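This report goes through selected local features of one protein model. The sequence and the structure come first, followed by notes grouped by topic.

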Amino acid sequence: MQKSLSYSKGITTSPSGMLTDDTELVELVGMVYKSGEMHPIQSPSPLSGIVTNQVVYIHKGPDYCNAILYDKVLGNITFAEVDFEKSSIFETEQTGIPIGKSLNNISSVGNTLIIATDTGFTYLLYKGGAYKYLGNELPKPTVNFRTSAPIIEQLVTKKSQLCDIDYLVDHPTVGAYYNDDGSLNYIGSDNPLEAGSRYETFQPKDDRVDDLQTAISGHVSLILNLVKEKNAFAFPFFVRYALRLFDGTYTRISAPVAVFPTITRNNYIVPVGWKDHKVVDNTGSALKLLYYPSYVKLQYQAGVEGIDEWSDIVKDIVVFASDEVLPFNVDDKWCIRYPEESNNTEVVDFLGMRYDESVFRGNARKKIVFNRNTFPARDMVLPEKYKTEDEIIDELLSKTQFFKLFSVKTSEVDNTVWKDAPIKHGVVSTLLQQEQLAVDDYYGWTRMKPESMYTYNKRLNLFGVKRYPFKGFSSFIANSDIVQRDCRLQYFVHIVSDTMDTWVVSGITEALKEVANSWFYYPDINATEVIVYDVNSAASFRIPLQRHERLNGAYAFRTLPLYATITNENVTRPSPDPTAYEFLSSQIFTSIVNNPFVFQASGDNTVGTGNILGIAANTEPISQGQFGQYPLLVFTTEGIYGMSVSSEGLYAASYPISREVCNNAASITPTGSVVFFASAKGLMAVSGGKVACVSDKLRGRNPSQFLEVGNGDFLGYLSDSLIAYDYRDSLLHIINPKEQYEYVYSIHDGTFGKASLPGKVIAVVNNYPDNIIQLNDATVLSLTSKPDINDDTTLYSGTFTTRPLKLGSSLQLKTIHQILHLFDTANGKIALRIYGSNDCRNWCELHSLHGKPWKYYTLSYKLSNMLATDAFAGTVVDFQPLFTDKMR
C-alpha cells in the first residue's frame with residue numbers, strides 16, 4: 001500500500017499523538033509550509049554599517065528614512081540613515097539629544113518625532129538633515145492686560161451727529177437757585193435775577209414721545225459706534241489669548257480676562273450747543289443732546305517662555321475679545337430728568353473709583369453735581385432702567401464667543417514693555433464679523449505623560465495618560481494703568497476628579513482689592529473651590545466654584561469689582577502636591593490632523609472601563625457593506641473595541657467587538673488586513689469584526705521528544721514575544737528576546753515553523769511595511785531587504801519531524817518497505833531517520849526497512865544545501881499492514 005505525506009499543518013501539539021493525522025509535525029526548524037510545499041525560511045538581511053545604540057523607531061518621510069537610536073546609559077537620542085533597497089544603515093554624527101533614562105514609546109507625525117518618557121514628552125523636529133530639539137511641551141505664553149486712563153471727550157465732528165430735540169420738546173425757561181457755596185438749592189418757574197441761572201427745561205411733546213425716544217437711542221448708538229471706530233472700549237467685556245501654530249490651530253487658550261472700561265454706569269448725556277462748527281457746552285439754552293461716553297484704550301504686555309526653539313511651530317500670540325455688555329439697553333426708554341432728580345446721580349463708574357481724582361485728572365466727572373460756578377443746572381437724559389449687578393454678571397457669563405482682536409508675532413513679544421493693542425482699523429466696529437475662536441481650551445495647560453502612542457491617519461493617539469493639573473492663572477481682571485495696586489493675590493484651587501483629589505497654587509499677582517472677590521476662572525470643570533490669599537495683609541477667604549455652562553472650566557463671579565474690601569476668614573492654606581495626577585486609563589486622546597501638539601475636546605474618547613493596552617488599525621469591514629466602519633481597534637483589559645470615524649475624521653467609541661484580552665501589548669501587530677496579538681489562548685487574529693485563535697494547534701501537551709530548539713511551550717514563549725511582519729512573504733516572525741530561536745507563522749497557510757537566530761534579539765521595530773531586527777551584538781537585520789528568492793545564493797538547511805504516523809489505522813501493525821521523497825532541488829541533500837512505536841511514547845530508531853511491524857512511525861528529516869527556490873513537496877510511503885485472522 002502507498003500513502004503520500006504532505007505536512008500541510010506544520011507544527012502542532014494538539015490533539016494528542018493518538019488522534020493526529022499524517023500531515024502534522026512535532027518539529028519544523030528552518031522551513032515553513034506555505035503555498036502547498038515546504039520552503040526554506042529566508043534569513044533577514046543584515047544591513048551594512050554599524051550602530052552603537054538600540055534602534056527604537058523607524059521615522060520615514062518622503063525623502064528620508066531614519067532609524068532612531070537610544071543610548072540607555074546616557075539617555076540620549078541619535079539617529080542613523082537607513083536605505084532598505086541598498087541594505088545599509090549609516091549612523092550620523094548628530095550630537096545626542098538628552099531625553100532621560102526612561103523611554104516609554106516613540107511615534108511621529110510628519111517630520112515631528114514625539115518621544116514619551118516617564119517625565120512627559122520630548123518633541124524633535126527633523127529639518128535640514130538633523131533633528132532639532134523643540135522641548136518637552138509647547139511654550140506657555142503670558143499676556144497681561146490693562147486699560148488706559150478713562151477718556152471722556154466729545155467725539156462728534158459735525159452738527160448732524162448731535163441729537164436735535166428742538167422739534168420734539170417744548171422748552172420753557174425756568175430758573176435755578178443756588179446756595180451761597182454755589183450748590184443747587186431748587187428750581188423755580190419764576191425768572192431769577194441772574195441771567196446765568198436761567199435755562200430751558202425739556203417737556204416732550206405729547207405726539208412726539210416715541211420720536212424723542214428713537215432720536216436719543218439713535219444718537220447713543222451713533223456715539224458708541226464712533227468709540228468703536230477709534231478701536232476703543234466703553235463697557236465690560238472679556239479678552240483671552242492663545243498661541244497660533246503653524247497650521248492655524250489655536251492652543252494654550254487662556255482664561256477669559258474681564259476688562260472693565262466702566263462697570264455699571266456710563267451714561268453722561270447733556271444739552272449742548274453748536275457754534276463755529278464745534279460743540280458749545282455749559283449753556284442753558286441748548287436744544288441739542290450729546291452723549292459723552294467714558295472709554296479706554298486696551299494695552300498689553302506679552303511674553304513666551306522658550307519661544308526661540310519653537311519658532312517653526314508657534315507663530316503668533318492672538319488676542320480674542322467678546323462682545324461688550326452695556327449696563328442699560330440702548331433701545332429701552334430714556335427719561336428727561338430735572339436737576340433736582342439728577343443732582344448727585346452717578347453717571348460713570350470704573351475700576352478703582354476711590355482713586356477718582358487721580359484717574360480723571362480733572363478731565364470729567366463720575367457724578368452729576370450742579371454748581372453755579374462749575375456746572376450750572378440743566379435737564380439731563382438718563383436711562384429709565386439700569387441693569388442690576390447680577391444681570392450684568394449673568395450677561396457677561398453668557399459671552400462665550402470670542403473674536404480675533406489683534407495678533408502679535410512671537411518674535412516681537414517683550415514682557416517688559418506695555419504697548420497699546422495693535423488693533424487694525426475697523427476691527428472693533430466689526431468685531432462680530434472677525435475670525436471666531438472656534439474651540440475652548442481643553443486641558444491645554446496641563447502636562448500629560450502617556451504610557452504609549454499610536455499614529456493613524458496623521459493623528460497622534462495617546463493612551464494610558466497621566467495628566468498633571470495646571471497651577472492656574474493669576475490675573476483675571478485687567479488693571480488700569482494709573483491705579484496703584486494695593487494687594488498681592490495668590491489662588492489655591494481644589495480639584496476633585498474620579499482619580500485625583502489635590503490642590504494647586506497659582507503665581508502671585510499685584511491687583512486692586514476690588515478684584516479679589518470678583519471674577520475667577522480655572523480651566524477644569526472638576527475644580528470645586530478656591531482659597532484667595534492676599535500676601536500683603538495675610539488675609540484669606542474661600543469661594544466655592546461652579547461649572548461653567550459653556551466653557552470647559554469652573555468659575556466664581558460673586559460681585560462686580562466695585563468694592564475694595566477683603567474679608568479675612570483665616571482659611572488655612574493647603575500644601576499642593578506637585579506629584580498628583582489623574583490616571584486616565586480608559587481614555588484615548590487624539591490630536592488634530594498633522595499636529596501632534598494639540599488635543600482638543602473632540603478628540604477625547606472613553607473606551608469601556610478597563611485599561612487600554614494598545615491600538616492598531618483595522619482595514620477590514622466589520623460586516624458586509626460597512627467597509628471602514630471601525631478602522632481603529634482598541635485593546636483593553638476587558639476586550640477589544642472598535643472606534644468609528646466621525647464626519648470630522650475623529651473617533652467615537654463603539655460597542656465591543658470581542659471579549660478576547662491581549663496579554664502582551666508589544667505583540668500587537670497590524671498586517672495588510674489582519675491584526676495579530678498575543679493572549680492567554682495563544683496567537684490571536686482580528687479581521688473585521690471577527691477574532692480567532694490561529695494557534696489552537698499549539699495548545700496541547702508540550703512534546704518531550706524530537707525537539708531541535710526550545711521546549712515546545714509556545715504559550716510561554718509567546719507571552720514575552722515581539723513580532724516582526726514580513727510583508728513580502730506574509731510571514732510573522734515571533735521572537736522572544738530571551739531565546740535564540742523564533743517561531744514563524746505563515747499567514748496564508750496558517751502553519752507554524754521555527755528558525756534559529758544568529759543571536760538574541762534586543763529590538764524589533766515595525767513601520768509598515770518595513771522593519772528592523774536588532775541583535776544583542778548591535779547587528780541590524782531587516783526582512784524588508786531580503787533578496788528575491790531567485791537572487792538569493794544563500795544555502796539553507798532545515799529539519800522537521802513528524803508526529804506519530806498512523807498510515808491508515810492506529811491499531812494496526814504495519815511494515816514500511818520503501819520511502820520516496822518529492823524534493824524539488826538541484827543540489828539539495830536529504831537525510832532521514834525513522835522511528836517506530838506501539839504506544840506513541842516509547843520510540844525505537846529503525847536502521848532498515850522490511851523489519852518488525854509497528855503501529856506508529858515517526859520520520860525525522862534533515863535537509864541541507866538548499867536554495868531559497870527549493871521546495872519539499874512531501875514523501876510517498878510504501879507499507880504493508882500485518883493482517884491477522886485471515887486464511888492464507
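## Hairpin and sheet pairing

Valine 686 stands opposite valine 691, which belongs to E59. The model is a predicted one. The two strands involved, E58 (residues 682-687) and E59 (residues 690-693), pair in the antiparallel sense over 4 bridges. Together E58 and E59 make a hairpin with 2 residues between them. Glycine 688 lies in the turn, with a positive phi of about 65 degrees.

An open sheet of 3 strands is also present, with antiparallel pairing and the order E45-E49-E48. The edges are taken by strand E45 (519-522) and strand E48 (546-547); each has a single partner strand, so one side of each is left without a neighbour in the sheet. Strand E49 (residues 554-557) pairs with E48 in the antiparallel sense over 2 bridges. Arginine 547 has alanine 554 in E49 as its bridge partner.

## Helix H1

Helix H1 covers residues 209-229.

Buried positions in H1 include Leu212, Ile216, Val220, Ile223, Leu224 and Val227. Gln213, Ser217 and His219 are also among the buried residues of the helix. After H1 comes asparagine 231, whose phi is positive, near 55 degrees.

## Aromatic pairs and charges over rings

The structure holds 49 aromatic pairs. One of them joins tyrosine 126 and tyrosine 131, with 4.8 Å centre to centre and 50 degrees between the planes, a tilted arrangement. Both tyrosine 126 and tyrosine 131 are buried. Phenylalanine 476 and tyrosine 491 form an edge-to-face pair, at 5.1 Å centre to centre and 90 degrees between the planes. Phenylalanine 476 lies in the loop between strand E40 (459-468) and strand E41 (479-480), and tyrosine 491 in strand E42 (residues 487-496), so this pair ties together parts that are 15 residues apart in sequence. Phenylalanine 476 and tyrosine 491 are both buried.

One aromatic cluster is formed by Phe676, Phe714, Tyr717, Tyr741, Tyr743, Tyr745 and Phe752. Two arginines are placed over aromatic rings. The charged end of arginine 240 sits over the ring of phenylalanine 402, 5.0 Å from its centre. Arginine 265 lies over the face of tyrosine 386, and here the distance to the ring centre is 3.8 Å.

Is serine 294 buried or exposed? With a relative accessible area of 1%, serine 294 is buried, because buried means under 20%. Serine 294 has its place in strand E30 (residues 294-295). Leaving aside neighbours within four places in sequence, serine 294 is in contact with residues including Pro150, Ile151, Ile152, Phe233, Thr262 and Val348.

Threonine 416 lies in the loop between strand E37 (403-409) and strand E38 (419-420). Its relative accessibility is 60%, and threonine 416 counts as exposed. The C-alpha atoms of threonine 416 and glycine 303 are separated by 8.3 Å, although the two residues are 113 residues apart along the chain.

## Cysteines

How many disulfides does the structure hold? The number is 0. For cysteine 163, the nearest cysteine sulfur is that of cysteine 335, 14 Å away. Cysteine 163 counts as buried at 3% relative accessibility. For cysteine 693, the nearest cysteine sulfur belongs to cysteine 662, 13 Å away. Cysteine 693, at 18% relative accessibility, also counts as buried.

## Backbone exceptions

Most residues other than glycine have a negative phi, and most peptide bonds are trans. A cis peptide bond joins serine 14 and proline 15, with omega about 5 degrees. Proline 15 is in the loop between strand E2 (10-11) and strand E3 (24-29). The peptide bond from tyrosine 768 to proline 769 is cis as well, with omega near 0 degrees. Proline 769 is in the loop between strand E64 (761-767) and strand E65 (770-775).

Aspartate 276 is not a glycine but has a positive phi of about 55 degrees. Aspartate 276 is in the loop between strand E27 (269-275) and strand E28 (278-280), and at 60% relative accessibility aspartate 276 counts as exposed. Histidine 277, found in the loop between E27 and E28, has a positive phi near 65 degrees. At 70% relative accessibility, histidine 277 counts as exposed.

How values were computed. Residues are numbered from 1 along each chain as its sequence is written. This is a predicted model: local features need pLDDT of at least 70, side-chain atom pairs count only at pLDDT 80 or more; totals for chains, interfaces and linings use all residues. Side-chain values use heavy atoms; hydrogens and water are left out. Rings of Phe, Tyr and Trp (its six-membered ring) pair if their centres lie within 6.5 Å; planes under 30 degrees apart count as stacked, over 60 as edge-to-face and the rest as tilted. Buried means under 20% relative accessible area, exposed over 50%, partly exposed in between (1.4 Å probe, protein chains only). A charge sits over a ring if NZ of Lys or CZ of Arg is within 6 Å of the ring centre and within 35 degrees of the ring normal. The expected span of a helix is 1.5 Å times one less than its number of residues. Contact means heavy atoms within 4.5 Å. A disulfide is a pair of cysteine sulfur atoms within 2.5 Å. Two strands pair if DSSP finds at least two bridges between them.
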